[in-house]
Amino acid sequence: QLVESGGGLVQAGDSLRLSCATVGRTFSRYAMGWFRQAPGKEREFLGFIRWTSGIISYADSVKGRFTISRDNAKNTGYLQMNSLQPADTAVYYCAATSWSTTDERKYDMWGQGTQVTVSS
């Protein structure tokens, strides 16, 4: 089970860090991905981290502004978001996969989602 935390209401230009904790077991999948879904839009891939190697891939839309990391000892992944803008308002999800992939259909364990709202 993946449990997310860290969402909230912030102002434009602020930063937030989201956490995704693995509950009850060690994170044993190949990768943890991050996605978001804004109202009325399709879910958008943001990036993923290969859990063992720590190698990260980002979507071009967030490269340079968002940073993915993980703490093996805590079985927790993180999404650091900087310079947030109203367009970043969405529900943010973490997910686990056995693949090296940006395809959300190959992620089969999902967190509950956490709302991020950015006011102008």
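Predicted model: local features only at pLDDT ≥ 70, side-chain atom pairs only at ≥ 80, totals over all residues.
Let us start with the overall tally. A salt bridge here means that a side-chain nitrogen of Lys or Arg sits within 4 Å of a carboxyl oxygen of Asp or Glu. How many salt bridges does that rule give? The count comes to 7.

Take the pair Asp108 and Arg29. Their side chains meet in a salt bridge, with 2.8 Å from N to O. Asp108 belongs to strand β10, which covers residues 107-110, while Arg29 is found in the loop between β3 (16-22) and β4, so this contact ties together parts that are 79 residues apart in sequence. Is Asp108 buried or exposed? With a relative accessible area of 54%, Asp108 is exposed, because the cut-off for that word is over 50%.

Now look for Asp88 and Arg36. The closest N and O atoms of this salt bridge are also listed with a separation, and for Asp88 and Arg36 that value is 2.8 Å. Asp88 sits in the loop between β8 (76-81) and β9 (90-97), and Arg36 is in strand β4; the two are 52 residues apart, so the pair links distant parts of the chain. The surroundings of these partners are worth checking too. Asp88 has a relative accessibility of 2% and counts as buried, and Arg36, at 9%, counts as buried as well. Both labels follow because buried means under 20% relative accessible area.

Which residues are linked with them in a network of salt bridges? The network is made up of Arg36, Glu44, Arg65 and Asp88.

Next, turn to Arg43 and Glu104. In this salt bridge, the closest N and O atoms are 4.0 Å apart. Arg43 lies in the loop between β4 and β5, and Glu104 lies in the loop between β9 and β10, so here two loops are joined by residues 61 positions apart. Arg43 is partly exposed at 25% relative accessibility, and Glu104 is partly exposed at 30%.

Finally, stay with the loop between β4 (31-37) and β5 (44-50), where you will also find Pro39. Pro39 is exposed, its relative accessible area being 71%.

Key
Residues numbered from 1 in each chain as written. Heavy atoms only, no water. Helix = DSSP H or I, 4+ residues; strand = E, 2+ residues; numbered from the N terminus. Buried < 20%, exposed > 50% of the residue type's maximum accessible area, 1.4 Å probe, protein only.
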